[in-house]
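Have the viewer open and follow along.

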Amino acid sequence: MPPMNSTIRVLSPTGPSRRRAFAAAGLAAVVAVAIAACGGGSSSSSGSPMKDGFSQAPQKSGALTVWVDSTRVPAAQAYQKAHPNVKLHIVTYDGDANGTNSLQTKVDLFNRTGSGWPDVVFSTQQNETTWAVSAGFTAPLNEGLIPQSTLSNFATGSLGVCTVSGKVYCLRNDLAQAVLWYNAALMQKWGYQVPTTWPQYEALGLKVASQHPGYLVGSAGDPWTPEIYMWASQCQGSDITGPRSVMVDVTEPNCTRMASLLDALIKVGSMSKLSVFSTAFNKNEKGKVLMLPGPAWYGGAIFDTTSGLNVPKGQIAVGPIPQWPGSSTVSTGNVGGGTWLLSAHTAHLTQAVNFITWVTGNNAWQDSLTPGYPAYVPAAKVWLVHQLSSGYYVGNPAAVLQQAAGQVWTGWNYGKWSNEAVWAATIGPGLTAGKTIVSMLPAWQTAITNYATSDGYTVSK
Amino acid sequence: MRKSPEAGPAGARSLSTFRPVSAGHLFVAGYVVLLAAFGVVPTAYGIYFAFSNAGNTFAGLSNFIGAYRDFRYLPAVEHVALYELIWLVTLVVFVTGLAIVLQQLPLRRVSRLTRFLYYIPGSLAGAASVMVWLFMLDPTVSPAAPLLRLLGYGTFGQVIEPGHLAILFVMIAFWTGAGGWIVVMFGALNNIPLDIIDAARIDGAGGWGIARRVQIPMLRKWIVYMVILAFAGGTQLFVEPQLISEASLGVAGRDFSLTQLSYDFAFQNNNVNYASAISVELLVLCVVVAALFVTRSRFFDAS
């Protein structure tokens, strides 16, 4: 899930200068040498007690270091407010948005130097366990640290991205099930029915293009476009079948039907090619969005915010994502949903466990402040009531969101590579140049295969 | 036995051969320490990584072969080669040209002001100046939006389409880096003795003639020096594509250059050895190119 504020993602405080980047690996070495010389190096693997399913570092007192993205800073602040006695060191980083891998980069360096790991980390990505477990960075949470009664309160399947061979290595912050956002006021004014199937959706998109040119029924210009449309269409884009194997076939009918739909609407202009977080989208499409398929967090991140489309109260409604006629299962996609990781190297285990349990559970942050749909079911219930009470949405978004939470298609999973980054680099430029998505599907297939292979995956079709 | 008047007693003589630590040594010492810590040691460590595998045993050339076989390698080489070509030609032609024009400007004040203007962008830190360009290139917010629209680019995506990238990066690099070189060249031009220029003038040379037959030949070493450093800087292209990549949400600029690929190998594919192999290749390339230019231009010969 990307940060809510689009300007944040432009800034990369971690980008090394051109000349230094050349020796990035070497620089790490110097740091390693320097720290080893200072006697700060320590290996947690030898002589540490095995408890709660991992070897724990010697516990010390001191500040708890928490890494969060800018959107999750209020979460850490809310914790601080509720726990004034805990010393908290809040560090803001990019949250790995759009697959920047900055967390992995840093942990890699910390692993070399033998120190420096944060105690708790928030990540916007769902694939952190694909590297963090083998890197020894994350602690298993269901082996004694967090009681099963707490874990079972998370929405069904939501801890799937955290689970590796039966062990839970992270807690889910929010769910990001895709739904159909639409402007109920405009739909009513123009006498349109909310589409329930994709063919209806396409027909309406074509109609809008001719009757109300300039208005949009969706956007296909984001890196997570495949996670909204292709995932919901049950396209074989990222079917992880084992720890290092994936099945990919994006030229099969489930993919081509959605690609043709997008192409048809892009052609007539009712499907945008801009990212919903781009300055151009915010500037040109204000008041022009009739429908927008997208994740649960679009409400707070795009419609009801001054940094987005800033749609007034009483217009936006939520409907279920359309379905393909004849499909045996109801399915939708998913765009992100952050995770909290607990470092296996932490010297403040009790505080860290307390923090991670608090921040994902029932509290001031998850109940009302968070822009995303809480993964923790009791928190989600309060959050939905709060969303409803604000009176921003038309109708009852809670029922739709709750239902969609259980409909995310399980045939699409996260590998070590970023599907968002691969789509952006492969399809993005072609889309701008006027190529159709259908014509680029073979290139997408090749790109996924290439990236998955270089991450050590076996790719089958 | 003849005693020279300067020679002191035996004790004094041994002191003089000992050579006490001078201020010069102190000045250099700081640099030597940093050079060792951030230049020599990392390079040695990088070379070690390039020839060993994940288990720290000798791996021969397998890292080089593995990196070469990666699907991103050859495109990155092509990108960097194209970038270098455009970058070096632009730099040599414009920097030399602008410096000569500056030097021949009849009005001192205009020359001084222009020099200052050329230099300003260079005083911004590398990444910050690229940030400026992110706004310049987005037609929605750019002050140059009318120009971009005139060229047919209505969105950021159209401006940064893959075919444009090499030229865009040259523009950014030129804007940030060329000013400093223009000032250096200007200084070098001022070092050309006036009597040579006067002699050329008496022989009937105009501005163009002086530039072509006197100034440019006498700037040769400076140009070679600039090309060597600019080439090395060019192979290390990183900030521009990386920032464009983040600003475009990964649409353009990902895995564009070899240093980016090296970075990705190290931190994304968890393969420091392939990453080091690429950096060693770049090191060898830069040393070879520098050696070629130095020997061909008789760089170290006294003029």
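In which sense do S12(A) and strand S13 (residues 245-249) of chain A pair, and over how many bridges? They pair in the antiparallel sense, over four bridges. Before going on, some ground rules: this is a predicted model, where local features need pLDDT of at least 70 and side-chain atom pairs count only at pLDDT 80 or more, while totals for chains, interfaces and linings use all residues. Residues are numbered from 1 along each chain as its sequence is written, and chains are lettered from A and ligands numbered from 1 in the order in which they are written.

Helices (H or I, at least four residues) and strands (E, at least two) are DSSP runs, numbered from the N terminus, and two strands pair if DSSP finds at least two bridges between them. Angles run from 0 to 180 degrees between N-to-C directions, and axes are lines fitted to C-alpha atoms, for helices over the stretch in contact.

Chain A has another open sheet, this one of five strands in the order S4-S3-S5-S17-S8, again with mixed pairing. Strand S4 (88-92) and strand S8 (170-172) of chain A are the edge strands, each pairing on one side only. From one strand to the next the twist averages 20°. Inside the sheet, strand S5 (residues 120-123) and strand S17 (residues 339-342) of chain A pair in the antiparallel sense over four bridges, and Phe122(A) has Trp340(A) in S17(A) as its bridge partner. Helix H14 (residues 349-360) of chain A lies across strand S3 (64-68), S5, S8 and S17 of chain A, running at about 170° to S17(A).

Now zoom out to the domains of chain A. The assignment gives domain 1 (47-174 + 336-375) and domain 2 (178-333 + 392-460); such bounds come from an automatic or database domain assignment. Taken over C-alpha atoms, the centres of domain 1 and domain 2 of chain A are 29 Å apart. The contact between them takes 14 residues from domain 1 of chain A and 15 residues from domain 2 of chain A, where contact means C-beta atoms, placed from the backbone, that lie within 7 Å. On the domain 1 side of chain A, five nonpolar, eight polar and one charged residues touch domain 2 of chain A. For these classes, Ala, Val, Leu, Ile, Met, Phe, Trp, Tyr, Cys and Pro count as nonpolar, Asp, Glu, Lys and Arg as charged, and the others, Gly among them, as polar.

Chain B is another story: 14 helices and zero strands. Its C-alpha trace spans about 85 × 65 × 30 Å along the principal axes. Chain B has a radius of gyration of 25 Å, whereas a compact globule of 303 residues would have one near 19 Å (taken over C-alpha atoms; the globule rule is 2.2 Å times the number of residues to the power 0.38).

Pick out helix H4 (residues 73-104) of chain B. Its axis and that of helix H11 (residues 207-235) of chain B come within 9 Å and cross at roughly 145°. Among the residues meeting there are Trp87(B) and Leu91(B) from H4(B), and Leu219(B) and Phe231(B) from H11(B). The contact of H4(B) with H11(B) divides into 16 nonpolar, six polar and one charged residues. H4(B) also meets helix H9 (residues 165-190) of chain B, with axes that come within 8 Å and cross at roughly 35°. That contact of H4(B) with H9(B) has 23 nonpolar, five polar and no charged residues.

Definitions and conventions. Two residues are in contact if their C-beta atoms, placed from the backbone, lie within 7 Å.
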